[in-house]
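Here is a briefing on one protein model.

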Amino acid sequence: MFKHTLLPFLFLLFAFSVTAQNKYTISGHIKDGDNGEELIGATIYIEELKTGTATNVYGFYSLTVPEGTYTVIYQYIGYNSRRDTLVLDKDIVQTIEMASESKKIDEVEITSERMNKNVTDVDMGVVKLDIQTVKKIPAVFGEVDIIKTLQLLPGIVGAGEGVGGFFVRGGGVDQNLILLDEAVVYNASHLLGFFSVFNSDAIKDMEIYKGGIPAAYGGRLSSLLDVRMKDGNMKKFGVSGGIGLISSRLTVEAPIIKDKMSFIVSGRRTYVDLFLKLSPNEEINQNKLYFYDLNAKYNWRINEKNRIFVSGYFGRDVFGFGNNFATDWGNATATFRWNHVVSNKMFANFTFVFSDFNYSLGVPEGALAFDWNARIRDFSLKGDFTNYLNPNNTFKWGVIATHHNFLPGEVVPASDESIFNSLVMPDKNAMEYAAYVSNEQKIGDKITLSYGLRYSAFSQVGPGRVFNYDSDGEVIDTTEYGRFEHIKTYHGPEPRVAIRYGWNKENAVKANYTRTRQYLHLISNSTVSSPFDIWVPADNYIQPMKADQVSVGYFRNFKEDMFEVSLEAYYKYMHDVIDYVDNAELLLKENIETQLLRGDGYSYGIESMVRKNKGRLTGWVSYTYSRTRRKIDGINDNEAYPVSYDRNHNLAIVLSYQISERFSISANWVYTTGLAVTFPVGKYEYNGQSVPIFSERNGYRLPAYHRLDLSANLDFKQKPNKKFKHGLNFSVYNAYYNKNVFSIVFREDDDDASKTAAYKTYLFPIVPSITYNFDF
């Protein structure tokens, strides 16, 4: 009741704070002077009024102040500050190009944001990492990986080596909203989690929200990962790339019309399969093992008020084992955006999005030949508006509509002699809608409020059929629905409230409350993400999930923002989460609801981070203590149990040292509690067969996971007046060769068939790599 009565009061407070004074507006864009890329989060500060604003994700800013003569300071870390004197007696459009700043070695910084952003912003549970920082972190096979880097931050844990996905504050892998230029990426992994789908050469900006997700976003319970592609160089032709031991990449960007129109194309491919072909053994040289992806973007600055972006991504993984087995999977996205400056105080963005994830597997030839296909496909329309009312209020609102199409699975024979018959699971369709409003309001110099309301609705629509069951769970009949006929509808509010109190520029405390709703569920035979999981919509029997999260935090900067410290605590309660009945049968199950149980869950934790931003030595240390439990009737004797990814302790140390202008070294060390697992604790004989007796759900743990990675970056000497830059990256993954356990299986002892033995599986030994990088 409190949260529903609080929001109207806050919006009333906002209404009274907006007064009709005689003021003028300065607005425009801030860009990189070298390539024309818009700078996200650049600050505009009016010295005399001690007020300012920051650019949005499209580099646009707007600031309304009383008439007068002012000193305006434009700042962005890594760029020379600019000071302009403006006589503001009318509205002014001012687009700024900022020049990169040459730095001494002891002035190296690891962020492109203003240094005290963590203290001055009302957001908490938000982390933004500069791509240049990500590129310095050691990576397996030398391939820079955004997803792996996120797992070095507090509150975020991975599923393990060789496994895709990540977990945020007790949420499952399906509870993360991953966006690439506003298009949903349903599976963000290549090669079963060894790499992510994000090619760092094509990425401009990335930000993850662990709590306090903006009202403009929804559809997932736990987190938002917002990844933005580069727009393409508006100034000059450029080529960059890298050649590694198992993969290479190439990026080309250039203006089509200087300062008006540009493009970027970036591709990447592994080539393990090319080495396999060199083998004289036909059982090896007929195999396929590779992935590829392609990013492309076109942008057209029509005029100061209108801009068009068209971007896309296509990626695929291909595995083939001769004529015995073949599988492939991949994502495809397309985004069309129109930026429109409605007025000097209103910015609008209209978006059309296509997103597709599909996979196939099968046997190419013989009596067992078959093809199995599945997919999820979205079409979305979205409109977002920002009103820069005054320096103290930024008001946002928007709407979105999405059509989901689900193909749970279809199996067809792949040859005339195949013994299989066709089996097609019926398509499912759904419509998802949302509208939102929000406002960020400054009250004096010390208090900032952010409050908003998102209202979402979801309808499963026909064509389709619904099974009806008797009291024993047996199907008694079905109900058929026609095209776009509503089968089941859910809807509800999602309030968002945050407050910040800062008693000076170096100290602040923050708190927020967030409610989220999720209408899609990921159905998996494993405890971690894999390409062969299927997505299903909320329906008559599967309820949407809901979560309420409360978090508080203290933020402190030291020594002119050289060091930043944060301490956050959170509690999240999750409603209507699902788990599976014991011995669940999920394969090609049309009435999948019979294999699912519904209940509640909760997670709580403390996250801490110390980060050094300046100097030769930069990096951070993060530690998280957390616990996550589920309580679902019908599982674990109706008692609460830990989820498989409940890792109580998570420690990461990330360091980078700039030895000289051309040589740097980096290291990171991680330690996490082992995954929770269910083990057999005994057995009994039944009809001559041994039947295992299992422990309580996830009652045991794998051994703790820890690993040290090392890397070194050497930039070759650049010739005077030459733009060609190149260098080498050396990295060592798992430097001290710790045998981290991937899985433990129980089977008959090799030496004594009357006994059962546990056998451990390890994935990675020491993995050295070298990559040649170039840019011109």
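The accessible surface of the protein comes to about 33700 Å². Carbon and sulfur atoms account for 57% of that area. The model is predicted. Its secondary structure consists of six helices and 51 strands.

**Overall form**
- The radius of gyration is 27 Å. A compact globule of 776 residues would have a value near 28 Å, so the protein agrees with that expectation.
- Along the principal axes, the C-alpha atoms fill a box of roughly 95 × 65 × 50 Å.
- Of the 776 residues, 55% are buried.
- Take the contacts between residues at least 6 apart in sequence: 65% of them join residues at least 24 apart.

**Charge**
- The protein carries 83 positive and 89 negative side chains.
- The centres of these two sets lie 8 Å apart.

- Strand 12 covers residues 176-180 and strand 17 covers residues 223-229. The two pair in the parallel sense over five bridges.
- L177 has L224 in strand 17 as its bridge partner.
- In a regular strand, side chains alternate between the two faces of the sheet.

**Strand 39 and its partners**
- Which strand pairs with strand 39 over 13 bridges? Strand 38 (residues 596-612) does, and the sense is antiparallel. Strand 39 itself spans residues 617-631.
- Y602 has R629 in strand 39 as its bridge partner.
- Strands 38 and 39 form a hairpin with four residues between them. In this hairpin, G615 takes a positive phi near 100°.
- Strand 41 (residues 649-658) also pairs with strand 39, antiparallel, over nine bridges. Here V621 stands opposite I653 of strand 41.
- Strand 40 (residues 641-642) pairs with strand 39 in the antiparallel sense over two bridges. R630 stands opposite Y641 of strand 40.

**A cis peptide bond**
- The peptide bond from G462 to P463 is cis. Its omega is near 5°.
- P463 sits in the loop between strand 29 (447-461) and strand 30 (464-469).

**Positive phi at two asparagines**
- N698 is not a glycine, yet its phi is positive, near 55°. This residue lies in the loop between strand 45 (689-694) and strand 46 (700-701).
- Is N698 buried or exposed? Its relative accessibility is 13%, so N698 counts as buried. The cut-off for buried is under 20%.
- N734 is not a glycine either, and its phi is positive at about 60°. The loop between strand 48 (725-733) and strand 49 (741-748) holds N734.
- At 0% relative accessibility, N734 counts as buried because that value falls under the 20% cut-off.

Technical notes
Residues numbered from 1 in each chain as written. Predicted model: local features only at pLDDT ≥ 70, side-chain atom pairs only at ≥ 80, totals over all residues. Heavy atoms only, no water. Rg over C-alpha atoms; globule rule 2.2 N^0.38 Å. Buried < 20%, exposed > 50% of the residue type's maximum accessible area, 1.4 Å probe, protein only. Contact = heavy atoms within 4.5 Å. Areas by Shrake-Rupley, 256 points an atom, 1.4 Å probe, with all protein chains shown as cover. Lys, Arg positive; Asp, Glu negative; His and termini not counted. Charge placed at Lys NZ, Arg CZ, Asp CG, Glu CD. Pairing = 2+ DSSP bridges.
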